[in-house]
Amino acid sequence: MKRRDFLGSVVIGAGAIGTERENGTRVVRADNPDAHNSLSADVVIAGGGLGGCAAALAALRNNLSVILTEETDWIGGQLSQQGVPPDEHQWIETHGATALYRDYRAAVRQYYLRHYPLTDDAKSRKNLNPGDGAVSRLCHEPRVAVAVLNDLFAPFISAGKLTLLLEHKVKKAEKSAHKVRSLDVLDLRTKKVTTLSAPYFVDATELGDLLPLTGTDFVTGTESSSETGELHAPATSNPKNVQAFTVCFAIDYLAGENHVIDKPKEYEFWRNYVPKMSKPWSGKLLSLSYSNPKTLEPKMLGFHPEGIPTGDKLNLWLYRRIISKRNFKDGFYPGDITIVNWPQNDYFLGDLIGASEEEFTKYVNSAKQLSLSLLYWLQTEAPRPDGGKGWPGIRLRKDVMGTEDGLAKYPYVRESRRIKAVFTIKEEHVGAAQRAMITGKEHNSAATFYDSVGVGYYHIDLHPSSDGDNYIDFASLPFQIPLGALLPVKTVNMLPANKNIGTTHITNGCYRLHPVEWSIGESVGLLIKYALDKKVTPHAVRENAGLLKGFQEFIRSQGVETEWPKQ
């Protein structure tokens, strides 16, 4: 047996061992010949991204049994399989996220303290940032994210409470009326199908895959201003207009060496490609110029792989740097390591949401060609401060992403199918300019939701889209997560826990980031626990004032913030 297959069987088998539980839920052995390829638990969660992991941890710590499926061989979603360091707000160290999310962040820092040869200065920093990247106060490696999350799950796998099915994809759902009965998942290695059943299901997939499979009403793309009344919405709706996705990769730099890759087969196309947008792009995509997200005017960026300042221009090398060699003992790292998730490798020539499997593969492969073309351009043609061209010492770090081609295991997805929710979050609730129009005040707070089950913050950040929109980027306000946005209008026992909640195309731009996705997932896991204990539906929790109050008290007792501190 191959080592990889052995490890996969350990993950599947260990979590599947169980007997009759007091609540009647039965978990069968995955290797039992009489099991007929079926498993059951209190909750089945499809998607091992941040929302799925948070939902699972919330349910597990409250003594529920969980089956968690993941399409790749890494849990962690944005942080790991997609290779994106956390995009977080400026208050993240003290508030504005759940206690469990901050526990995760603390565990990441402890992982580096225990296992890496940090300098004394780095060890002494309370808020260690391994990469000292500009985008986050905790830029860290994808593998460390996976290790920490696996550590969090380890005791639950050992106790038989968690079945973790890696490299499994949901292919079919059984439902009756507005209730999901089971999911069929395909083992992508063995091609075996297993049926998963539970009282509750969670869609934590990156694209909202369960919504069409379960007949759950959903929307995609852009709503019109007449539909939502949003200040920044277009006059015409377009369900195929979704934000770009990105295939990320990691690089380091070894001066004086040559690590130039073979010329990508689509390089000439991407080298000369000028994006066609309703509001013009700055020029060629492969350049150090891009559209200023706020003004759409051309803006120059800097690049120097030794981290040398580039004047008043942002040095892209520093933006998502996950390892700063200065934080580690001399000689341990030959250079920094940075993640390439830049405007230059945003892919907007295809829509993954509405794609067939063949189209999905086609678009992802084309996006990989774009990323490899960007790498080749950096190595051979990017302008240098000394007047030369190219940095041949840039090395593709395949090991960082854990893949043969060196590219992320899964594309970084910014937009998903979205449930038609009991309540939809609109720009009027969180957008700074529209809130000012509504209140007549210069300084505002976001709308207060009586059914708040979490908080978050990020500016509204929409990347160029598949139908030709340039950036849409403007200020938002620290916001709440309303329970109504987590409830489908009809489906009663399946909840969203990713970018598939009840937002619009516009408000998705601030609800899609790492800590918000985590908060959504954690509250969904707790909602399932509460609904099971009270023997009510999640919808009833919102509809009954007493139940809602009790639920909010319950989640606050578990470290979930439901409002921002008073200013």
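This is a predicted model: local features need pLDDT of at least 70, side-chain atom pairs count only at pLDDT 80 or more; totals for chains, interfaces and linings use all residues.
Residues are numbered from 1 along each chain as its sequence is written. Local features require pLDDT of at least 70, side-chain atom pairs count only at pLDDT 80 or more, totals for chains, interfaces and linings use all residues, and side-chain values use heavy atoms, with hydrogens and water left out.

Secondary-structure elements are DSSP runs numbered from the N terminus, with helices (H or I) of at least four residues and strands (E) of at least two. Helix H2 (residues 50-60) packs with helix H15 (residues 514-534) at an angle of about 35 degrees, the axes being 7 Å apart; axes are lines fitted to C-alpha atoms, for helices over the stretch in contact, and angles between N-to-C directions run from 0 to 180 degrees. The crossing of H2 and H15 is right-handed, the near helix being turned clockwise from the far one by less than a right angle. Contact (heavy atoms within 4.5 Å) involves, among others, Leu50, Gly51 and Ala54 of H2 and His514, Glu517 and Trp518 of H15. By class, this contact has eight nonpolar, four polar and two charged residues, where Ala, Val, Leu, Ile, Met, Phe, Trp, Tyr, Cys and Pro count as nonpolar, Asp, Glu, Lys and Arg as charged, and the others, Gly among them, as polar.

Strand E3 (residues 66-70) runs parallel to E4 and is joined to E4 by five bridges; glutamate 70 has leucine 166 of E4 as its bridge partner. In E4 (residues 162-166), five of five residues are buried, that is, under 20% relative accessible area with a 1.4 Å probe and protein chains only (exposed: over 50%; partly exposed: in between). Leu162, Leu164 and Leu166 lie on one side of E4, and Thr163 and Leu165 on the other.

The structure holds zero disulfides, defined as pairs of cysteine sulfur atoms within 2.5 Å. The sulfur of cysteine 139 is 13 Å from its closest cysteine sulfur, in cysteine 248, and is therefore too far for a bond. Cysteine 139 is buried at 0% relative accessibility, and cysteine 510 is buried with a relative accessible area of 0%.

Methods:
Two strands pair if DSSP finds at least two bridges between them.
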